[in-house]
Amino acid sequence: VPTSQFPRNCSCSTHVRQFTELGLYHKSASRGGTYVPQQGDVIFFYNYVRYPSGSVKNHTGIVLYAENGYVFTIEGNALANRLDQPHLEAAGVRNDSKEPPDYVTVNCYPLDAQRIHGYASPAYDDRTPLTLTGFADLGRHKEQAEVFQTVVDDGVMPATSSHTFSPNHGMTRGDFLTLTTELFGLSGYDAETPAFDDVSQDSPYYNAVMTARSAGLVSGAADNFFVPDRYISSIEAQTVLSRVQEYVGLEPQEFSFSTGDYSYVYHSYTIRADIAKAFYDLSQKMPVSAAFTGEITVNDTVVDWPVRTLEGVCYVPVDALLETLMPEPEETEEPEETGEMESDSEDTAETETTEEPVENAEDAEPVKLPVPLGNTERVIPGPVTLRTDDAANGFTYKGTLYVSLADAAALLPLNVEWFDADHAALTVQTVQDEEAVSTDEAA
C-alpha cells in the first residue's frame, strides 16, 4: 500500500496529522464525530484528561469492525482492555513489570469511549471487508474454539460480537451470576431476601443477584454492596459454582480459573476462556431432555403423563409410575348419620380437641427458591432406587424425579411397548404375576 494512501510514522500524533492533511481523518463520537469506523481503518487513542485538546495521541491499532455500539480492534503493545473500570483509573495503578512482551490482542471499546481520539480511513483501492469465519480473536486459545462455539450455540454463554469471543477479557460479576442462574434454571427469591444497596430493582442484574443471594450462592459484605459491574475473580467464580452445584445436587467439581492480564492491578480477575470451559463442563453434565408428544396408554387407559426423552430413552415421573403400581383405594360412601352416630361423633370431636395443634405455616422455614432447573430443559442425572439394592437411571427435571421406563420395567412388574418405530405412542401394562415383584417391595 503506497504512502500516498496509507502514510507511515512512528509518532501517533504525527500520523494523525498526516491523515488529516489528506482529508482521511474522522473525529470519534466522544469528540463530536458521527463517523462509523470500517474494517481497515486506523484507530487512535489519547489521554483525554492530560491532553483534553487532543494534541497528543499515544496509542494506535487497526479496526476489525464496528458492531452493536462497539469497535473491535487489533492492537500490538497492548493488553486486553478492561471494560469494568475507567481506563485512566486502571492505568493509574498499572505495573509494567507484569506486562508480557510483544503482546498482540483483539480489543473492544464502546464507540463513545473517551480515550478514542478518532479514526483514519486510508484510501485503499479496495475496501471490501475480509470474509470472517468463526471467531477471529482466539490467539493462544484456538484449541478451545469448539468449546467456545458450543457454549454460544447452546445459549449458555454469549459471544462478544459476530466474530469475537474475547477470551482474554473478563466478565462482570452481574453477568456471571446471570449466566449461572440461567444455566441452572434458578429464578425467584424469598420475600425476606435483602437487596444489595448497589443493585436496584431497575438493574438488569437484579433478579439474578437476588436469586443467587436467596439460594446462598453469594453473601452480602459488611457494607452490603455487590459491585455487579466489576470483573469476577478466580476465587469468586469457583465459590459461586461450588455453591450452585451443591444447591442443585450435582457432584462438586473444581475448575481452573487463571488470572487475567495483571498489568492493570486495579483488581484481579479471571478470563472468559476459563469461564466458558467451566460452563461447558457443567452443561455437559446436565443434558437437555425433550417432551414426549405421543399418546400414552397405561393399563388400557390414555393418560397425560409428562413423559420425557433423553438420548433416545423414555423417562417417566416416579410418582406417576408408583401410583400405577399402587393405586389408592376407592373411597366408600359414609353411612347415613343417626342419633347414635351423632353421639359417637361428639366423642370423636372431644378426642380431637386434645391433639397437638398443627404447626403454624408461618413458623415453618420458608422455601427459598422455586424448584431447581425451573426455567431450563436441562436435567440433573442421578440414580433412582426402585428396589432394595437396585438403582435405575433417572434425573431431576424442574424439581420432579424421573426414572428410565426401560430400567423400571426390568425391576418392577411392568410391560412396556412402543406402538411403532417412530415412538409415536407408548403403552404400559402392569404385570399380574405371582413371580413379579410385589408392590410393597416396589414401594
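Two strands are taken as paired if DSSP finds at least two bridges between them; helices (H or I, at least four residues) and strands (E, at least two) are DSSP runs numbered from the N terminus. On these terms, six strands form an open antiparallel sheet in the order S1-S6-S2-S3-S4-S5, and six strands form another open antiparallel sheet in the order S7-S10-S11-S14-S13-S12. The model is predicted: local features need pLDDT of at least 70 and side-chain atom pairs count only at pLDDT 80 or more, whereas totals for chains, interfaces and linings use all residues. Residues are numbered from 1 along each chain as its sequence is written, and side-chain values use heavy atoms, with hydrogens and water left out.

- S1 is joined to strand S6 (residues 116-120) by three bridges in an antiparallel arrangement, and Tyr-25 stands opposite Ala-120 in S6.
- S2 and S3 run antiparallel and are joined by four bridges; Phe-44 has Thr-60 in S3 as its bridge partner.
- Five bridges pair S3 with S4 in the antiparallel sense, with Tyr-65 opposite Phe-72 in S4.
- The hairpin of S3 and S4 has two residues between the strands, and Asn-68 in the turn has a positive phi of about 50°.
- In a regular strand, side chains alternate between the two faces of the sheet.

**Helix packing**

- Helix H1 (residues 12-21) lies across S1, strand S2 (42-45), strand S3 (59-67) and S6, and runs at about 130° to S2.
- The angle between the axes and the distance between the axes describe two packed helices.
- For helix H3 (residues 145-153) and helix H7 (residues 272-285), the packing angle is about 65° and the axes are 9 Å apart.
- The crossing of H3 and H7 is left-handed, a term used if the near helix is turned anticlockwise from the far one by less than a right angle, with right-handed used if clockwise.
- The contact (heavy atoms within 4.5 Å) is made by Val-147, Phe-148, Thr-150 and Val-151 of H3 with Ala-273, Ala-276, Lys-277, Tyr-280 and Gln-284 of H7.
- By class, this contact of H3 with H7 has six nonpolar, two polar and one charged residues; Ala, Val, Leu, Ile, Met, Phe, Trp, Tyr, Cys and Pro count as nonpolar, Asp, Glu, Lys and Arg as charged, and the others, Gly among them, as polar.

**Largest pocket**

- A pocket is an open set of points on a 1 Å grid over the protein atoms alone, where a 1.4 Å probe fits, with protein on both sides within 12 Å along at least five of seven lines; lining residues have an atom within 4 Å of a point.
- The largest pocket has a volume of about 460 Å³, volume being the space filled by probe spheres set on the points, with grid points joined across faces, edges and corners.
- Its lining comprises 21 residues, of which Leu-83, Thr-160, Gly-170, Asp-175 and Arg-272 lie nearest the centre of the pocket.
- Strand S4 (70-76) and helix H4 (173-184) each supply at least two residues of the lining of the largest pocket.
- The lining of the largest pocket divides into 10 nonpolar, six polar and five charged residues.

- Strand S7 (290-291) and S12 are the edge strands, each pairing on one side only.
- S7 pairs with strand S10 (residues 308-310) over two antiparallel bridges, and Ala-291 stands opposite Arg-308 in S10.
- Strand S11 (residues 313-317) pairs with S14 in the antiparallel sense over three bridges; Val-316 has Val-403 in S14 as its bridge partner.
- Val-403 in S14 is also the bridge partner of Gly-394.
- Strand S12 (residues 380-387) and strand S13 (residues 390-397) pair antiparallel over seven bridges, and Val-384 has Ala-392 in S13 as its bridge partner.
- Two residues separate the strands in the hairpin of S12 and S13, where Asp-389 takes a positive phi near 70°.
- S13 is joined to strand S14 (residues 400-404) by four antiparallel bridges; the bridge partner of Thr-396 is Leu-401 in S14.
- The hairpin of S13 and S14 has two residues between the strands, and Lys-398 in the turn has a positive phi of about 50°.

Technical notes:
Axes are lines fitted to C-alpha atoms, for helices over the stretch in contact, and angles run from 0 to 180 degrees between N-to-C directions.
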